[in-house]
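Me: Walk me through reading a model like this one. Start with the ligand, please.

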Amino acid sequence: SVTDLPRRVRADFPILGRRMDGRDLVYLDNAATTLKPRPVVDELTRYYTEVSANIHRGKHRLSETASADFEAVRRQVAHFAGVRGDEVVFTLNTTEALNLVASGLGLEAGDVVLVPFDGHHSNALPWRRHARARHIPVDGSGRVDLDAYEKLLRGRPRVVALSHCSNVTGVYAPVQKMATMAKEAGAVTVVDAAQSAPHGRLHFDDVDFVAFSAHKMLGPTGVGVLCGADGALSLLDPPNLGGGTVDWVDTERYQLRRPPHCLEAGTPNIGGVYGLGAAIAYLDRIGAAALAAHDRALARRQAAEALARPYLRVLGPASPSADRSATISLAIRGVRNLREVARILSDSYGIMCRSGHMCAQPLVDRFTDSEVLRISAYLYNDEAQVARVFAALDEIVETVAAPA
Ligand code: PMP
């Protein structure tokens with residue numbers, strides 16, 4: 001099914017008017033970061049041209065405006081994520097949010113933390129640094145092995161870190177079921193929602209912490225979110241102290257502010273938070289149902305195009321009906337240099353895709369001995385663009401494939 005979403009939204013994205021050597025820009029690297037619509041760019045400009053003041057610092061009118069706007073976005077994010085208004089911490093990105101939890105929980109070297117085998121490095125390395133990580137295995141098609149997971153839970157992990165949607169395979173893990181199992185086993189539960197938040201797929205039960213990034217959901221770079229449900233933020237030891245984190249200070253003692261404020265030391269990315277507010281408002285206007293329907297249509301088209309080409313191998317479940325986002329990673333038989341393919345797509349076709357290990361190297365290495373090419377679509381991409389990238393690949397493999 002074709003949705004008319006791209007037709008409705010494309011004019012909102014100024015960069016899509018850009019020509020690449022005379023060609024239309026086809027941007028298919030959305031899992032890395034998304035393009036920004038005019039209302040987000042305008043909101044950044046509005047902060048810097050009309051407000052520009054610091055938050056929570058002074059009583060002058062501009063500072064009061066900045067503080068009120070900043071706190072309004074916090075409530076907006078909380079509503080979007082399904083947590084209370086005081087359960088949202090602004091960070092730099094998902095990576096910093098996950099590090100905040102991994103370093104703040106007071107883990108000891110012997111503690112066990114379960115981490116997703118198909119997770120992003122940002123949801124593995126912070127845990128590996130502070131505890132003993134055990135990987136939750138995936139089966140031959142890249143799906144979580146729930147039997148193995150259940151056995152791992154019997155080892156009483158202190159934390160279970162989950163990945164909602166893989167940035168390599170695009171496949172959604174059954175995180176709700178997994179979180180409930182982890183809670184029953186007594187673990188603190190954490191969900192990396194970097195790839196699912198852009199589709200409005202949040203609102204979990206039995207999840208203590210959720211992390212995501214503004215820049216993957218039409219917002220600016222430099223702003224991330226850590227949500228801590230049901231008071232979970234109070235489990236965290238603040239990594240940084242200083243301005244903004246204390247109620248009062250004398251030369252002997254100080255009184256920390258309550259979360260989220262004690263976890264936001266120093267001046268935050270205020271303009272970026274304004275931009276995130278505009279991004280969420282934009283996504284809300286489109287609606288999660290329309291986003292999801294469009295995402296499913298693109299995902300099915302990607303899988304069908306890939307399956308129709310014997311020279312391509314899909315990482316993860318190849319079935320067009322899998323619960324997947326419109327992110328697909330491909331290995332190309334006879335072609336090891338995927339960087340070269342990505343370069344030709346860019347320079348000769350105006351199509352932007354990513355190649356590499358996608359910061360999930362254990363998973364990619366398990367499925368292929370080369371890098372992979374990732375095509376990740378979002379609301380402004382249509383099925384014709386997906387078809388175009390596959391048609392371009394047909395031409396490119398002719399020229400770069402090594403003779404068998
Ligand atoms: N987790 C996942 C699943 C991701 O896709 C990404 C970004 N590729 C990250 C974490 C890290 O996000 P950021 O770079 O914004 O910290």
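Me: How many nonpolar, polar and charged residues are in the shell around the ligand?

Reply: Start with the classes: Ala, Val, Leu, Ile, Met, Phe, Trp, Tyr, Cys and Pro count as nonpolar, Asp, Glu, Lys and Arg as charged, and the others, Gly among them, as polar. Here the shell holds 4 nonpolar, 10 polar and 1 charged residues. A residue is near a molecule if its C-beta atom, placed from the backbone, lies within 6 Å of it. Of the 15 residues around the ligand, N93, T95, H120, N167 and S213 come nearest.

Me: What pLDDT does the protein average?

Reply: Where pLDDT is low, the predicted coordinates should not be read in detail. pLDDT is the predictor's confidence in each residue, from 0 to 100. This protein averages 95, and 99% of the residues score at least 70. The model scores are ipTM 0.99 and pTM 0.96. This is a predicted model: local features need pLDDT of at least 70, side-chain atom pairs count only at pLDDT 80 or more, and totals for chains, interfaces and linings use all residues. Residues are numbered from 1 along each chain as its sequence is written.

Me: Which domains does the assignment give?

Reply: Domain bounds come from an automatic or database domain assignment. Here it gives domain 1 (5-30 + 287-400) and domain 2 (40-285). Their centres, taken over C-alpha atoms, are 28 Å apart. The contact (C-beta atoms, placed from the backbone, within 7 Å) takes 23 residues from domain 1 and 22 residues from domain 2.

Me: By class, what is on the side of domain 1 that touches domain 2?

Reply: That side of domain 1 has 16 nonpolar, 4 polar and 3 charged residues.

Key:
Contact = placed C-beta atoms within 7 Å.
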